[in-house]
Each structure stands twice: as C-alpha cells, then as structure tokens.
Amino acid sequence: MKFLEYWIYLILSISKIFLFSMYAVTHFSFSFFVLNLASIVVLSSWTLLLNRKKRNLILLVLLFLHSTLLVSDLWYYRYFNDLLSIVLLSDITQMSDVGGGFLTLIEAKDFLFFVDLLFFSLFLFATRHKEETVTQKRKQVFAGAGFVLGLAFVVIPLVMSYSNEEEWLVGEPISNMREYYQLGFWGYHGLDFAQGIGSFFSKESSLTKEDEQRIRKVVPDTPSTVSDSEKPNIIVVQLESFQTSVIDHQVNGQELTPHLNALKKKRYFSLHFITKHMKVVLLTQNSLR
C-alpha cells in the first residue's frame, strides 16, 4: 500500500480528536469528522513530497504536537468549558500561582493521547529499511490531489455559511466552541492564531474612531486636549475576562447583565470595549467635582 505511514498518521490524528470529544463530552457528527479530516489533510499533504525518512520524522513530530495541543485544550476545557486561545499566552506567567489547582484537571486517561506515538514510532522503526517505489511525479499527484480535495471540504461549508448569512460569521461569540464546531479543531486554532498575530502587530490605538465619535455624542463640548483643572471626573469600571456579547443579551427572558444594561441606557455613560474577548471598560462622567 502506497504511503502506508501517512494513512496511519491520518487515522491516528482523527482518532485523537474523537477521543477529545469523548473526554470533553462534545458533539462529534459525521460532517464534523469530515471537516476535521479534511483540515488534517490540508495541513499535512505536503509531507508526501518528501523522501520517506524525512516524511516519517515530520509525521511523528506533527502527531506529538497534535497530542500536546489537544491535551492542553482538554485541561482548559475541564475548567472553563472553552478552548485555549493564543491571547492567553500573555497570562502564562501566572501558572505558578495556580499550579495546585491546575494539577486537579489532569487525569491518568489523558496520557492515552500520547500512547499512539510509541506504537507509531515502533512501526516506523520496524519498516525503516522498506524501499519507496513511488516516483516524484506520483508524489506530486497524491499531494496535490489531497490538498485540493481537503481544501474543498473545508472551504465549501464556509462559502455556504457565508451565502446563507449565518449568524456565527457576524455575531459576537459567547465562547470559542462556536468556531470549533464550525471550523473544526485545526480551523479554530488557525483562525485564532491569525487573529492573535493580527492584533499583536496592529498599530491601532485601543480607542477606535467609532468609540471617539460615541464619546463626542455624549460629551460634545469636550475638547481633544484639556488642562488638568478642566478635566472631568471619570469613574472607570474594569471587568476582567468579560465578554461584551452578553450585554443586552437575554436567556429565557432574563437579562444577563441588567445593571450594565441600565447604565448603558443613561446618557452620560459610554462603553469602551478594549478587546473582543477579554474586558469591557465603562467610562462614566459624573457630576462630582
């Protein structure tokens, strides 16, 4: 069988995602299976162009990285019912403060994610002298066909979602699980990585022009620069790990943030959203001098 090692890699990779779904008790439909398998093929089909020795080594490394990210997601999910995000890397220095609590999230069965690495390594070692009979041209055909087919299964659902104007493409997410179900495991992490890198290199100030215009409507006479004696009193309320999507949102007719909703309706309050997921700052001009 041609590219036997690669077929085994695909089976092991998709099995890990299924194992994650079992441990986290998340949905795993047939369409979700196809989406994740297609994503794996898109990310790994290029390895078919390499010689057998290099390909096997890279597949083993990819399998290890896949397991590591899945286990990290699982441990995070057990506590927050959500997936890891690249923006959390800035908080990694705080791990030493919560080390004891973190250890309670680890279960012995989690190491099953790494057991297959041993068997895959033994298989690669046992077949290390096997000669490769596939020509470079056939490699290009297999790699190209796999990439194109996998990309089609990833892109087509996105195009259909866009044409149907589905809410998940435009609405504020309450958790990262929405993107996980719509884009698959690697699709979610790819989008999250791109957004994280984009925000890191963004030169825009935290206060957007839209925010400035909103504040101008509230206090139209406030100049862009004022002296210390002319500056109004400002109360800043900062809510850490607060998602702005819950503001004005209701569940079974019950407001999730009734007090913030009430403050927001007052004329002299202005909401300034610092980031998409992390915090919201409420700027209040009060009459106390």
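Me: So how do α3 and α5 run, roughly parallel or roughly antiparallel to each other?

Reply: In this predicted model, α3 and α5 pack at an angle of about 175°, with their axes 9 Å apart, and they are therefore roughly antiparallel to each other. Axes here are lines fitted to C-alpha atoms, for helices over the stretch in contact, with angles running from 0 to 180 degrees between N-to-C directions; under 35 degrees counts as roughly parallel, over 145 as roughly antiparallel, 65 to 115 as roughly perpendicular and the rest as oblique.

Me: Which residues make that contact?

Reply: From α3 the contact takes N56, L59, L60, L63, F64, S67, T68, L70, V71 and L74, and from α5 it takes F113, F114, D116, L117, F120, S121 and L124, where contact means heavy atoms within 4.5 Å. By class there are twelve nonpolar, four polar and one charged residues, with Ala, Val, Leu, Ile, Met, Phe, Trp, Tyr, Cys and Pro counted as nonpolar, Asp, Glu, Lys and Arg as charged, and the others, Gly among them, as polar.

Me: What are the numbering and confidence rules?

Reply: Residues are numbered from 1 along each chain as its sequence is written, and side-chain values use heavy atoms, with hydrogens and water left out. As the model is predicted, local features need pLDDT of at least 70 and side-chain atom pairs count only at pLDDT 80 or more, whereas totals for chains, interfaces and linings use all residues.

Me: Back to α5, which of its residues are buried?

Reply: They are F113, D116, L117, F120 and L124, with buried meaning under 20% relative accessible area, exposed over 50%, and partly exposed in between (1.4 Å probe, protein chains only). Seen down the axis of α5, these buried residues fall within an arc of 115°, so they line one face of the helix; the arc is that of the directions from the helix axis to the C-beta atoms. The face turned away from the buried side carries the exposed residues L118, F119, F125 and A126.

Me: And what covers that buried side of α5?

Reply: The cover includes α1 (4-24) and α3 (52-80).

Me: How do α1 and α5 pack?

Reply: Their angle is about 170° and their axes are 10 Å apart, and α1 and α5 are therefore roughly antiparallel to each other. The α1 side of the contact includes L4, I8, L12 and F20, and the α5 side includes L112, F113 and F123. Sorted by class, this contact of α1 with α5 has twelve nonpolar, no polar and three charged residues.

Me: Changing topic, where is T26, and is it buried or exposed?

Reply: T26 sits in the loop between α1 and α2 (30-44), and at 11% relative accessibility T26 counts as buried. Not counting residues up to four places away in sequence, T26 touches S21, Y77, M177, Y180 and Y181.

Me: What about S85, where does that one lie?

Reply: S85 lies in the loop between α3 and α4 (99-103), and at 15% relative accessibility S85 counts as buried. Leaving aside residues up to four places away in sequence, S85 touches N176, Y188 and D192; the C-alpha atoms of S85 and D192 are separated by 6.4 Å, although these residues are 107 residues apart along the chain.

Me: Last one, how many helices and strands are there in the protein?

Reply: There are nine helices and five strands, taken as DSSP runs (helices H or I, at least four residues; strands E, at least two) numbered from the N terminus. Of the 289 residues of the protein, 32% count as buried.
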